[in-house]
Amino acid sequence: MAQSIGTFLSGFFLITVYSYLFKESRLYRYTEHIYVGFAAAHAIVTGWHNVKDQALSPLADGQWLMLVPLCFGCLLYAKFTKRYSYLSRTPLAFMMGVAAGVTITGAAEASFVKQIRATILPLNNLDNIVMVLGTVSTLAFFLFIPLGSKKAANGKRSFMSLVSNLGRATMMVAFGSSFGFVVMARLSYLIARLQFLFSKVFPVISQ
Amino acid sequence: MAVGFLSGLIVILKYFAQEGIISRIGTDLIAWRVTVAAFALGLGAANLIQVHARAIIRREKNADSSFLLLATMAVFTVLGVVSGPNSAAYKWFWDNVYQPIYGGIASLLAFMIVSASYRAFKVRNWQSAVLMISALIVILGQVGLVSRVFAGLPSLSQWVMSVPNTAGMRGITIGGALGAIALSLRVILGFERSYMGGGQQ
């Protein structure tokens, strides 16, 4: 019974969402607001359980140092008062400082050193040549934009301009293929939803 | 500013000191941040309540939708806090209310993307031609009927995804990492303070 009600409810919400394709109706707006309400509630629930597991439980076990993040968290709400809103800057600075530290170490390791290491390839086949040239020219496009747009003294295009154009072409291929991939992913999502609607929901309704 | 500088510096030093007091403090700071960030989620929720409660009190045009949003939020917050997000009741609503709406909206994007690209994609120069061709290769390479006619298309599509796409994305990733490191350094050193509000740099 509960499963049938659930399937019916799922189908109902799915149809109200798809009703947007015809017109932005009141039903669609209600569904949209239910979604936002649920998402916000889920964020609160997740946050509450994080606070409970990572701060309140250790505090109850005698780890008094956990009072510091709890106080920082409470200070964030000082933003709602005009007189004490400056107090919310301390936890904000703390969060930004830690986030910046994590970003520097994380980005340096995963997005910088590892990516460069993966690009150092032997130029003995087409794939490796395209990979190395594409990566280097894309970087050159980003880092030497002023040089890439300049022409050489004799009026011809400079070497950096050619490299910059190659980088631009590589990026266009990357954007195009990513776009194609996203389109296909969304279409398969749509097909899955329609399959669910026709194979699960409509049989429940017709029963 | 001193708080941001010190916390950022300790987290960076933790990366180099695998054990010892700096490493322990750094690990604690990262864990504390999760707790403070959880409070920040509540801040966002409070803002949402403020906006929609104002709409209801002033009886604005979509006050009924605002009421529904706040009611949904209240019901599921109470349910999630009291019974836990892994309880059967919460999971039932998650599977039969949240997931179908999310799935519907996500799949609705297929129509939006097709309609937007039909209006926006005009081959004006060689860059847009390259973009269009690579998109077509990837899309058609995954269509069974087209792959039947052009047998080499799926492997070409796979090659585009794994070689030039990776090369372009890798360049962008490295460039982005450089930017992220530069911005993070500005935050730690106190040159970037716009996140505090008030527009001061």
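Helix axes here are lines fitted to C-alpha atoms, taken over the stretch in contact, and angles run from 0 to 180 degrees between N-to-C directions. Helices themselves are DSSP runs (H or I, at least four residues), numbered from the N terminus. The model you see is predicted, so local features need pLDDT of at least 70 and side-chain atom pairs count only at pLDDT 80 or more, while totals for chains, interfaces and linings use all residues. Residues are numbered from 1 along each chain as its sequence is written, chains are lettered from A in the order in which they are written, and side-chain values use heavy atoms, without hydrogens or water.

The axes of H7(B) and helix H8 (residues 164-189) of chain B come within 3 Å and cross at roughly 15°. That makes H7(B) roughly parallel to H8(B) (angles under 35 degrees count as roughly parallel, 65 to 115 as roughly perpendicular, over 145 as roughly antiparallel and the rest as oblique). On the H7(B) side, the contact (heavy atoms within 4.5 Å) is made by B:Trp159, B:Val160, B:Met161 and B:Ser162, and H8(B) brings B:Pro164, B:Asn165 and B:Thr166. These residues divide into 4 nonpolar, 3 polar and no charged (Ala, Val, Leu, Ile, Met, Phe, Trp, Tyr, Cys and Pro count as nonpolar, Asp, Glu, Lys and Arg as charged, and the others, Gly among them, as polar).

H7(B), residues 153-162, also packs with helix H5 (residues 126-141) of chain B, at an angle of about 130° and with axes 8 Å apart. The two are therefore oblique to each other. Among the residues that meet here are B:Ile137 and B:Leu140 in H5(B), and B:Leu156 and B:Val160 in H7(B). By class, this contact has 8 nonpolar, 3 polar and no charged residues.

Now look across the chains. The axes of helix H4 (residues 89-119) of chain A and helix H1 (residues 2-16) of chain B come within 7 Å and cross at roughly 30°, which makes H4(A) roughly parallel to H1(B). Their contact includes A:Phe94, A:Val98 and A:Glu109 of H4(A), with B:Val11 and B:Tyr15 among those of H1(B). Its residues divide into 9 nonpolar, 7 polar and 1 charged.

Finally, find the largest pocket, which holds about 230 Å³ of space. Its lining includes A:Phe179 and A:Val183 from chain A, together with B:Tyr118, B:Phe121 and B:Met132 from chain B. The lining residues divide into 10 nonpolar, 1 polar and no charged. A pocket is an open set of points on a 1 Å grid over the protein atoms alone, where a 1.4 Å probe fits, with protein on both sides within 12 Å along at least five of seven lines; lining residues have an atom within 4 Å of a point.

Notes. Points joined across faces, edges and corners; volume = space filled by probe spheres on them.
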